[in-house]
Amino acid sequence: MPYSYHSHSGQYCHHGYGLLEDVVKEAVRKGFHAYGLSEHMPRFAASELYPEELEAQCTPATLSTLYDDFNVHARRLIEKYQGQIELLVGTEIEFIRPQYADYVNALRNKVDYVVGSLHHVGTVPIDFSPELYKQALDQHGDITSLFAAYFDEQYEMLRQVRPEVVGHFDLVRIFASAEQQQTVSQPEIWDKIVRNVDFVIEYGGLFEINSRAWKKGLRDAYPCRDIIKLIQEKGGRLTLSDDCHGPKDVGMFYDKLKEYLEALDLHTIYYLTRETGKVVAKPNDNILNEAFWENIADW
């Protein structure tokens, strides 16, 4: 009965594809117990829009309206598919500038949970393209400084937002070379990672294991093995996410995800569920023995 709490659709995300309800249909067909619908929160300055949004003549105002439309639609889908799958409505946030903490807080009463992600370092998007990643790298001077800035900005986001789910914890690896990936083990960077992990554990957040990293050709999911081992050693709580961007992405690389969990000897995964009017995290202590995994071959 696996789960995912990080997803998008082309209906409400300009770099996604397909319809939101088709994402839900696929999650039902593939046997997900729970699935989170977490379209991106709006951005609030024209300078922060992505190229495909500018091409579609979006504005901060239209993105805000689009997110509200998503929220209404997602709530209808909860009712429609009740009994078939537990759907939760969230948002994947931005933290381009510190002021985003106020924007996130304003959304809190509209959503069941927040995916706390960092897509920008020094206001430059790092996951949109290798070219923009290089721009961020050039701005910071070297890979160590880029990683340091990423984890410092992430820490500020964690402090201000306290997201229920921490999205792709080490996304800064996305376009780094194999050699540059090892930057996480440098003492200066590792200390920042430990600080951030400790803070999430302190307030009770979940760390997603995000399978979309394999679509980018990375060896490890997000987070990488060493960070997951750190989270395990400290008693942190982990969940699963496919970071779907359309119907065919539902459960993407979950076959590989099971192997990843086995290699890490990870038997307990947490999931979000509604209980007495609020969303709580509960453990599944037998994740590797779920029948779900055996059915992936038939997808």
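**View 1. Helices H8 and H9 cross in a right-handed sense in this predicted model**. Helix H8, which covers residues 187–203, and helix H9, which covers residues 225–233, have axes that come within 11 Å and cross at roughly 45 degrees.

**View 2. Helix H6 packs against helix H8**. The axes of H6, residues 143–161, and H8 lie 9 Å apart, and the angle between the two helices is about 15 degrees. That angle makes H6 roughly parallel to H8. The contact draws on residues of both helices, including Phe 147, Phe 151, Tyr 155 and Leu 158 of H6 together with Ile 189, Ile 193, Phe 199 and Tyr 203 of H8. Here H6 passes H8 in a left-handed crossing, whereas the crossing of H8 with H9 is right-handed.

**View 3. Ile 201 and its contacts**. This residue belongs to helix H8, and its relative accessibility of 26% is why Ile 201 counts as partly exposed. When neighbours within four places in sequence are set aside, Ile 201 is in contact with Phe 207, Lys 234 and Gly 236. Leu 66, which is 135 residues away from Ile 201 along the chain, has its C-alpha atom separated from that of Ile 201 by 33 Å.

**View 4. Strand E4 is covered on both faces**. The strand runs over residues 113–116, with Tyr 113 and Val 115 buried on one side and Val 114 and Gly 116 buried on the other.

**View 5. Strand E4 pairs with strands E3 and E7**. Strand E3, which spans residues 86–92, is joined to E4 over three bridges in the parallel sense, and within this pairing Thr 91 stands opposite Val 114 of E4. Strand E7, which consists of residues 165–166, also runs parallel to E4 and is joined to that strand by two bridges, with Gly 116 placed opposite Val 166 of E7.

**View 6. A right-handed β-α-β unit contains strand E4**. The unit is made by E3, helix H4 and E4, where H4 covers residues 100–107.

Terms used
Residues are numbered from 1 along each chain as its sequence is written. This is a predicted model: local features need pLDDT of at least 70, side-chain atom pairs count only at pLDDT 80 or more; totals for chains, interfaces and linings use all residues. Side-chain values use heavy atoms; hydrogens and water are left out. Buried means under 20% relative accessible area, exposed over 50%, partly exposed in between (1.4 Å probe, protein chains only). Helices (H or I, at least four residues) and strands (E, at least two) are DSSP runs, numbered from the N terminus. Two strands pair if DSSP finds at least two bridges between them. A crossover is right-handed if, with the strands pointing away from the viewer, the path from the first strand over the helix to the second runs clockwise. Axes are lines fitted to C-alpha atoms, for helices over the stretch in contact, and angles run from 0 to 180 degrees between N-to-C directions. A crossing is left-handed if the near helix is turned anticlockwise from the far one by less than a right angle, and right-handed if clockwise. Angles under 35 degrees count as roughly parallel, over 145 as roughly antiparallel, 65 to 115 as roughly perpendicular and the rest as oblique. Contact means heavy atoms within 4.5 Å.
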